[in-house]
Amino acid sequence: MSYIESSKVLRHVDRMMAWRGNGKPAPVTIEWDLSNRCALGCMDCHFAHTHSRGPWASRPRTLPVSFDPGGDLADETLVRRGLQQVSEAGVKAIVWSGGGDPTTHPRLLDIVEWADKQKLQQGMYTFGGLLTRESEVVLGETLSWVVVSLDCVDAETYAKEKGVPASRFRDACSGIEALSGRKAVVGISFLLHADNWMRWPEMLSLRRTLGASYVTLRPAIRTSPADPAVCTDDRQWITSAIRELQLAKKDPRVEVDISRFEEYRDWTERSYKTCYGIRFNATITPDGRVWVCPQRRGIPGSCVGDLRTESFKTLWERHPGKWTDFSRCRVMCRLHLMNETLAKVYDPQMHEAFL
């Protein structure tokens with residue numbers, strides 16, 4: 001069972017071939033940040049530097065060099081117009097993500113219903129603690145999937161790792177319970193590190209208790225925002241973790257990619273020289289700007305255009321098509337696994353005519 005599969009890009013051969021023919025088809029997926037606000041201060045948040053409100057906005061944090069903030073809350077009128085434009089351009093799906101947490105946007109439900117009218121498939125990443133009875137119904141019945149980033153199995157650890165009152169853990173669990181059993185596939189995400197990986201059986205047990213569709217176990221990627229291309233933690237714990245995660249992998253309700261853990265443990269550099277994933281996935285920040293990828297939101301030189309002043313179709317014509325400067329790209333970035341697949345498609349190979 002795998003909901004997160006890098007080879008899914010091969011289902012879009014038409015767009016892959018269009019790029020090879022110098023066309024610029026729209027991306028398959030857009031990750032849209034409706035808000036840069038977040039009620040949590042997760043210790044492993046990759047986008048803490050974007051937060052305009054919440055725990056991370058009020059504590060010392062390392063900002064990327066020359067970071068360009070992406071705004072606070074998205075303007076609903078701009079989002080509605082943008083959703084219509086991306087649908088007409090051929091975008092298939094929207095992921096409500098962050099940045100901050102999408103559930104902090106006061107008009108989230110109206111926006112989700114509008115996107116549905118535009119025939120766009122939708123998914124969401126959230127911490128789950130701000131869901132209401134109304135939002136549980138609308139999101140649970142409209143979205144294709146929701147992943148709740150829980151990371152912890154008890155209130156005490158939750159409070160410590162996220163810098164919030166312990167009661168917030170119960171709020172997040174209640175959100176998972178309310179979403180489960182509806183149309184949307186509900187996943188619980190746990191980031192594993194040296195201090196919690198051995199608690200994976202409890203993570204699986206919590207999934208069963210809350211009724212979620214599946215659990216995803218991934219390594220917590222730790223780098224400095226000022227130098228995201230370099231790992232900052234001791235990763236030797238992964239060797240011990242892999243032996244046990246092989247057992248977790250036997251559960252059909254668990255998604256765990258052992259190769260991802262191995263690659264992070266042994267990381268030195270990327271196996272490919274060009275990022276082609278930016279052709280199939282783009283990011284829009286609350287202020288309406290379009291970025292080449294989620295990990296480069298706010299980094300100068302990575303903005304494709306601005307929906308406040310031009311149409312999506314117009315700005316996409318300026319898309320670079322590929323990226324080769326990884327100096328400010330994060331280790332194991334959002335598009336990394338996809339790029340490993342795409343390199344086999346786009347990069348020249350010896351004796352290509354001999355299959």
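The model is predicted, so local features require pLDDT of at least 70 and side-chain atom pairs count only at pLDDT 80 or more, while totals for chains, interfaces and linings use all residues. Residues are numbered from 1 along each chain as its sequence is written, and side-chain values use heavy atoms, with hydrogens and water left out.

**The sheet**

- An open sheet of mixed pairing is formed by 10 strands in the order β9-β6-β5-β4-β3-β2-β1-β10-β11-β12, where strands are DSSP runs of E with at least two residues, helices are runs of H or I with at least four residues, and both are numbered from the N terminus; two strands pair if DSSP finds at least two bridges between them.
- Because β9 (254-256) and β12 (303-306) each have a single partner strand, they stand at the edges, and one side of each is left without a neighbour in the sheet.
- From one strand to the next, the twist averages 20°, with axes fitted as lines to C-alpha atoms (for helices over the stretch in contact) and angles running from 0 to 180 degrees between N-to-C directions.
- Helix α3 (residues 108-117) packs on the sheet, where it touches β2 (93-97) and β3 (121-126), and its direction makes about 150° with that of β3; contact means heavy atoms within 4.5 Å.
- Strand β11 (residues 289-291) runs antiparallel to β12 and is joined to it by three bridges, and R289 has D306 in β12 as its bridge partner.

**Helix α11**

- Eight of the 11 residues of helix α11 (residues 336-346) are buried, among them H336, L337, M338 and Y346; buried means under 20% relative accessible area, exposed over 50% and partly exposed in between, with a 1.4 Å probe and protein chains only.
- The cover over the buried residues of α11 includes α1 (13-20) and α9 (258-265).

**Rings and charges**

- The whole structure holds six aromatic pairs, defined for rings of Phe, Tyr and Trp (its six-membered ring) with centres within 6.5 Å, and classed as stacked for planes under 30 degrees apart, edge-to-face over 60 and tilted for the rest.
- Y125 and W145 form an edge-to-face pair, 5.1 Å centre to centre with 65° between the planes; since Y125 lies in strand β3 and W145 in strand β4 (residues 145-149), the pair ties together parts that are 20 residues apart in sequence.
- The pair of Y276 and Y346 is tilted, because the ring centres are 4.6 Å apart and the planes stand at 40°; it links the loop between α9 and β10 (281-284), which holds Y276, to helix α11, which holds Y346, 70 residues apart, and both residues are buried.
- The charged end of R279 sits over the ring of Y346, 4.6 Å from its centre, the criterion being NZ of Lys or CZ of Arg within 6 Å of the ring centre and within 35 degrees of the ring normal.
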